[in-house]
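Here is a short tour of one protein, written to be read with the sequence and the 3D view side by side. Take a moment to get oriented, and then we can walk through it together.

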Amino acid sequence: MTTNDYNQCVDDFSDGVYRFLLKNIRNVELARDLVQESFMKLWIKKKDIDVNKSKSYLFTTAYHTMIDHIRKHERMMDIEPNENLSGSTSNDYSDLGEILNEAVKRLPDIQRSVLLLRDYEGYNYKEIGEITHLNESQVKVYIYRARLFLKKYLVSPEMLV
């Protein structure tokens, strides 16, 4: 990979990597830092990476960088109690996008990651498996479970009020 190829990767993929990380961790500054770190790792290994595989490498690196950060900070901080997960909320949503984002936030990390890679970024099952180090069957199961949860969440009586 040349310097021009690297710069083209930054232009082509930085927004997608940022959206993926932001949807997963919901922290603007941390998402920016993780994107920067992912591109730094790409720069360090630019001679070893084929230009055609740079997108996959970036998303894989971003995913693992995010997981490493989460694991590191879970050990350092006390886990805060979850929000009211009983299903009853006092928020009145008028926007389906807000409701869907809230539902996606409630998914387990792995389900959220594979769902976002599939539905938001357009990866196929095999590519998602390579990024997350899961086999295709596991990816399909996690996506199925995530979609089933979203379906139940979106049609729950609390959402209809």
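Where does R26 lie? R26 sits in the loop between α1 and α2.

## About the model

This is a predicted model, in which local features need pLDDT of at least 70 and side-chain atom pairs count only at pLDDT 80 or more, while totals for chains, interfaces and linings use all residues. Residues are numbered from 1 along each chain as its sequence is written, and side-chain values use heavy atoms, with hydrogens and water left out.

## Overall layout

The protein has eight helices and zero strands, and along the sequence they follow the pattern α-α-α-α-α-α-α-α. Helices (H or I, at least four residues) and strands (E, at least two) are DSSP runs, numbered from the N terminus.

Of the 161 residues in the protein, 35% are buried. Here buried means under 20% relative accessible area, exposed means over 50%, and partly exposed is in between (1.4 Å probe, protein chains only). Accessible areas come from the Shrake-Rupley method with a 1.4 Å probe, and for residues only the protein chains shown count as cover.

Among contacts (heavy atoms within 4.5 Å) with a separation of 6 or more, 64% join residues 24 or more positions apart.

## The nonpolar core

A nonpolar core is a set of buried Ala, Val, Leu, Ile, Met, Phe, Trp, Tyr and Cys residues joined through side-chain atoms within 4.5 Å. The largest one has 38 residues, and L21 and L42 touch the most other members. At least two residues of this core come from each of α1 (3-25), α2, α3 (54-76), α4 (96-105), α5, α6 (125-132) and α7 (136-154). The largest share, seven residues, is from α1.

Leaving aside residues up to four places away in sequence, L42 touches M1, Y6, C9, I49, Y57 and L58.

The buried residues of α1 include Y6, C9, F13 and L21. This helix bends by about 50 degrees at F13, the bend being the angle between axes fitted to the seven residues ending there and the seven starting there.

Just after α1 comes R26, with a positive phi of about 55 degrees, although R26 is not a glycine. R26 counts as partly exposed because its relative accessible area is 42%. H133 also has a positive phi, near 60 degrees, in a residue other than glycine. You will find H133 in the loop between α6 and α7, and H133 counts as exposed because its relative accessible area is 59%.

## Salt bridges along the helices

Side chains of opposite charge can pair when their charged atoms come close. A salt bridge here is a side-chain nitrogen of Lys or Arg within 4 Å of a carboxyl oxygen of Asp or Glu, and by this rule there are six.

In helix α2, E29 and R32 are three residues apart, about one turn of the helix, and their side chains meet in a salt bridge at 3.1 Å, N to O. E29 is partly exposed at 48%, and R32 is partly exposed at 47%. E37 and K41 lie in α2 too, four residues apart, with their closest N and O atoms 3.7 Å apart. An α-helix has 3.6 residues a turn, so residues three or four places apart point the same way.

Helix α5 (residues 109-120) holds D109 and R112, three residues apart, and their salt bridge has its closest N and O atoms 3.1 Å apart. D109 is partly exposed at 37% relative accessible area, whereas R112 is buried at 4%.

## A nonpolar patch on the surface

M40, W43 and I44 form a nonpolar surface patch, with about 330 Å² of accessible area together. Patches are made of residues with over 30% relative accessible area and no salt bridge: like charges are joined within 9 Å, and nonpolar side chains (Val, Leu, Ile, Met, Phe, Trp, Tyr) within 5 Å. I44 belongs to helix α2 (residues 28-44), and I44 is exposed, with a relative accessible area of 62%.
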